[in-house]
Amino acid sequence: MSIHDKFDATFKALASPVRRQILDDLKDQPLTTGALCSHFADIDRCTVMQHLKVLEEAGLVIAERRGRERWNHLNAMPIQDIHDRWIGPHAAAASARLARFKQAVEAQKIGREANSPAE
């Protein structure tokens, strides 16, 4: 799978509010599939399992079998990869533009104050 395919799978997985909620639920600790299903009273177990499959395929969830239970663990690395590739650089560029704009506005303000007649 190419890096572009991995990013596409991650974005696809993050596109669903149910899948984002599952990731939020797994943020602090791994949960069994049964525990995750109990968080979604309005959808059935089969649908939750389909969402988990998409998350697994994107590498966002790692499933571990313990006896009859399936424990789901968050793997935040694909989200970190997106941050490193897009969010960080774009935020840095936007911050740099805002800093330059602020400096220009402040310089303009100082120039006006220096040129204004004293009262």
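This is a predicted model: local features need pLDDT of at least 70, side-chain atom pairs count only at pLDDT 80 or more; totals for chains, interfaces and linings use all residues.
Let me begin with the overall architecture. The protein chain contains five helices and three strands. Read from the N terminus, the order of elements is α-α-β-α-α-β-β-α. The radius of gyration is 24 Å, whereas the globule rule gives 14 Å for 119 residues, so the chain is more spread out than a compact globule. The C-alpha trace spans about 85 × 35 × 20 Å along its principal axes.

I turn now to the strands. Strand 2, residues 61-66, pairs with strand 3 in the antiparallel sense through six bridges. Within this pairing, Ile62 has His73 of strand 3 as its bridge partner. The two strands form a hairpin with two residues between them, and Gly67 in the turn adopts a positive phi of about 65 degrees. Strand 3, residues 69-74, also pairs with strand 1, residues 31-32, again antiparallel, over two bridges. There, Thr32 lies opposite Trp71 of strand 3.

Next, the last helix. Helix 5 covers residues 77-115, which is 39 residues. From first to last C-alpha, helix 5 reaches 55 Å, close to the 57 Å expected at 1.5 Å a residue. Helix 5 does bend, by about 45 degrees, at His83.

Finally, some totals for the chain. Of the 119 residues, 24% are buried. The accessible surface amounts to about 8,500 Å², and carbon and sulfur atoms contribute 56% of that area. Among contacts with a separation of 6 or more, 50% join residues 24 or more positions apart.

Methods. Residues are numbered from 1 along each chain as its sequence is written. Side-chain values use heavy atoms; hydrogens and water are left out. Two strands pair if DSSP finds at least two bridges between them. Helices (H or I, at least four residues) and strands (E, at least two) are DSSP runs, numbered from the N terminus. The expected span of a helix is 1.5 Å times one less than its number of residues. The bend at a residue is the angle between axes fitted to the seven residues ending there and the seven starting there. The radius of gyration is taken over C-alpha atoms; the globule rule is 2.2 Å times the number of residues to the power 0.38. Buried means under 20% relative accessible area, exposed over 50%, partly exposed in between (1.4 Å probe, protein chains only). Contact means heavy atoms within 4.5 Å. Accessible areas come from the Shrake-Rupley method with a 1.4 Å probe; for residues, only the protein chains shown count as cover.
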